[in-house]
Amino acid sequence: AGWSGPAAVFHASPGGAFTLNTTIARRAAVGITQTPLVRARPGLWDRGAALRVRMMDAALASAPEEAVLSGVNAMAIGDGTVDGWEVFQFARAELVATNLWEIRDRLRGQAGTDAVMPDVWPPGSLVVLLDGAPQQIAHAPGLVGVARRYRIGPADRPLDDATYAELMAVFAGIGQRPYAPAHLEARWRTDGALDVTWVRRTRIGGDSWTGEDVPLGEVRERYRVRVLRGGAVVRSTDVDRPHWRYSLAEQAADGAGAPLTVAVAQISDTHGPGPFTETHTDD
């Protein structure tokens, strides 16, 4: 069915009574992909094959690359689950048939979603234009990880109307999830120790070029470092700066000779560890 006006979102604890959470005033521009979108390196323009999307009575528009770098033409692509979404931006959109668009010149893995980008988004994936129409529902911090019931339908109809859809959802608070560290390197020292370094990223106020470093965006600086051999974690430690040295004695205690995999995640006091970035040592 088409958009029938403002939509109401009600929520309740399992077995509890529904109360109004949010009223959504605008219809989001939604579509379905017709071609695959393969993984691409974040931070660089993805000049690969066009992504074909069939939009549901919504138009797209091209934008200068400078405008895209300033935040326009953001779109989410996902599988419809609560947290299975990547955010990307695009500079070129061309209408090739009725409601069928080709999207080119993309910036992938935006807003920290590079860490959850799959190898490929298959045809049939959902896309949603992030133009201000999609709204954040009210969700208290204490409800993170708690199952809630939701009923969604036309705001001008009663809650028990047949047009309302109901679902159960658990939200993990990924808006507070730290970004995966960048430029992770693991280098062997002449004394046999392994030096591990990385660069911190931020989800808050990181767009300015004037500061010496991006804002921390967390209560304190903390990282979790894991060493894996053959896929098994042989050591896990928390540090408070973007450097860690894996001593020869620690390697001997762990039975962790080369080659190794090193993984690092930033830790938030409210969310816990974010996504891990991995690197592999030489033999």
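Predicted model: local features only at pLDDT ≥ 70, side-chain atom pairs only at ≥ 80, totals over all residues.
Residues are numbered from 1 along each chain as its sequence is written, and side-chain values use heavy atoms, with hydrogens and water left out.

**Second largest pocket**

- The second largest pocket holds about 1,700 Å³ of space. A pocket here is an open set of points on a 1 Å grid over the protein atoms alone, where a 1.4 Å probe fits and protein lies on both sides within 12 Å along at least five of seven lines. Its volume is the space filled by probe spheres set on the points, which are joined across faces, edges and corners.
- Its lining has 42 residues, and those closest to the centre are Gly 43, Gly 109, Gln 110, Tyr 179 and Arg 201. A lining residue has an atom within 4 Å of a point.
- At least two lining residues come from each of α1 (65–69), β8 (85–97), β9 (100–110), β14 (182–188) and β21 (277–280). Strand β9 gives the largest share, with 4 residues. Helices (H or I, at least four residues) and strands (E, at least two) are DSSP runs numbered from the N terminus.
- By residue class, the lining divides into 20 nonpolar, 13 polar and 9 charged. Nonpolar covers Ala, Val, Leu, Ile, Met, Phe, Trp, Tyr, Cys and Pro, charged covers Asp, Glu, Lys and Arg, and the others, Gly among them, are polar.

**Aromatic pairs**

- The model has 4 aromatic pairs, counted where ring centres of Phe, Tyr and Trp (its six-membered ring) lie within 6.5 Å; planes under 30 degrees apart are stacked, over 60 edge-to-face and the rest tilted.
- One of them is the tilted pair of Phe 10 and Tyr 164, at 6.2 Å centre to centre with 55° between the planes. Phe 10 is in strand β1 (residues 7–12) and Tyr 164 in the loop between β12 (147–154) and β13 (165–170), so the pair ties together parts 154 residues apart in sequence. Both Phe 10 and Tyr 164 are buried (under 20% relative accessible area; exposed is over 50% and partly exposed in between, with a 1.4 Å probe and protein chains only).
- Trp 244 and Tyr 246 make a stacked pair, 5.0 Å centre to centre and 25° between the planes. Trp 244 is buried at 8% relative accessibility, and Tyr 246 is buried at 0%.

**Salt bridges**

- The count of salt bridges is 27, each a side-chain nitrogen of Lys or Arg within 4 Å of a carboxyl oxygen of Asp or Glu.
- Arg 26 and Asp 131 meet at 3.5 Å, N to O. Arg 26 lies in the loop between β2 (19–24) and β3 (30–33) and Asp 131 in the loop between β11 (126–129) and β12, so the bridge ties together parts 105 residues apart in sequence. Arg 26 is partly exposed at 44%, as is Asp 131 at 37%.
- In the bridge of Glu 102 with Arg 104, the closest N and O atoms are 2.9 Å apart. Glu 102 is buried at 11%, whereas Arg 104 is partly exposed at 24%.
- Arg 222 bridges to Asp 238, with the closest N and O atoms 3.8 Å apart. Arg 222 is buried at 19%, and Asp 238 is partly exposed at 35%.
- A network of salt bridges links Arg 220, Arg 222, Arg 224, Asp 238 and Asp 269.
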